[in-house]
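Here is a short briefing for a first look at this protein. Start with the sequence and the structure.

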Amino acid sequence: MSDDVIWHCIRHNHCSFMAKITTGIFCRNPYNATGICNRSSCPLANSRYATIRDHDGVFYLYMKTAERAHLPNKLWERVKLPRNYEKAMDVINKHLEFWPKLLVHKIKQRLTKMTQYRIRMRKLQLKVREKVMTMPRKQTQRDLRRLEKAEKAAQLEKNIEIELKDRLKKGVYGSDVCNIPFKKFDEVLDMERDEVVLEEEDEEEGEVEYVEGDDMEDMDHMEDMEDFEGLSDGGTDEDDHLDDQVPKKPKRSGSDLKQNAGKRSRKVMTEVEQDEETNTRQRTRM
């Protein structure tokens, strides 16, 4: 069947690859070099045709000739193109040397465009971007409703607990505590004890007391003076003689007594020892 008859049937009757929109008529056939539905670009209505296709980042040159039209499994000849743009252009010129110039120009344009979008894809893969994921709307709404119900239930339980504690503090239930968890009851008691302890500490910190001084030192000095007077009254004539030898000193004030308290106690001890020695001498004479 000639190419003109095939094109007439496709154009005026029906084609499954044709897509008509307001901007024009396009072709969805993967072997179409331009994507436009017209006579020169249709891969079905041209027995001699060539295009470029992409397989996982690798470009291949596809060529169709009229000699293989009776072999559908061998209709397209495929040649792998190198990744270098200039070398790929040399391969296209080599295999399409005697082909129509317009078709070769379209294939070169397609190779240029595909090379550009492959470079752009690599840049986008290297760039770190946020991954956009779709979430089912029904599931999100269901989760939100469950969350609201859980928050309401938690708030209600907390309010009930606070109200029961307040009533327990006020003594609404009396001294007998029934149907109340012991842990909660202990917590309330501990809270009350802590408050009492804090109040007592505050009161202790604020008090300041003043205490009178003791006159114990003055009392000791007075007792020493009385002992000294007793010894002087009960002594013998020799004691009186010793007392005459000791010069009498004028009376002093209380401050002088405090300063010389230590000296007086030493003198009293020496005089007592002297009296004991004299008594022992008299006994030996007897």
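The notes below cover the fold, the surface and the salt bridges.

This is a predicted model, in which local features need pLDDT of at least 70, side-chain atom pairs count only at pLDDT 80 or more, and totals for chains, interfaces and linings use all residues. Residues are numbered from 1 along each chain as its sequence is written, and side-chain values use heavy atoms, with hydrogens and water left out.

**Fold**
- The protein has nine helices and five strands.
- Helices (H or I, at least four residues) and strands (E, at least two) are DSSP runs, numbered from the N terminus.
- Along the sequence the pattern reads α-β-β-β-β-β-α-α-α-α-α-α-α-α.

**Burial**
- Buried residues make up 17% of the 286 residues.
- Buried means under 20% relative accessible area, exposed over 50%, and partly exposed in between (1.4 Å probe, protein chains only).

**Salt bridges**
- There are four salt bridges, each a side-chain nitrogen of Lys or Arg within 4 Å of a carboxyl oxygen of Asp or Glu.
- One of them joins Glu 77 and Arg 68, at 3.9 Å from N to O.
- Glu 77 is partly exposed, at 36% relative accessibility, and Arg 68 is partly exposed too, at 22%.
- Lys 165 pairs with Glu 161, with the closest N and O atoms 3.4 Å apart.
- These two, Lys 165 and Glu 161, sit four residues apart in helix α4, so about one helical turn separates them.
- Arg 167 bridges to Glu 163, with the closest N and O atoms 3.5 Å apart.
- Arg 167 and Glu 163 also lie four residues apart in helix α4.

**Helix α4**
- Arg 146 is found in helix α4, residues 137-170.
- Arg 146 is exposed, with a relative accessible area of 56%.
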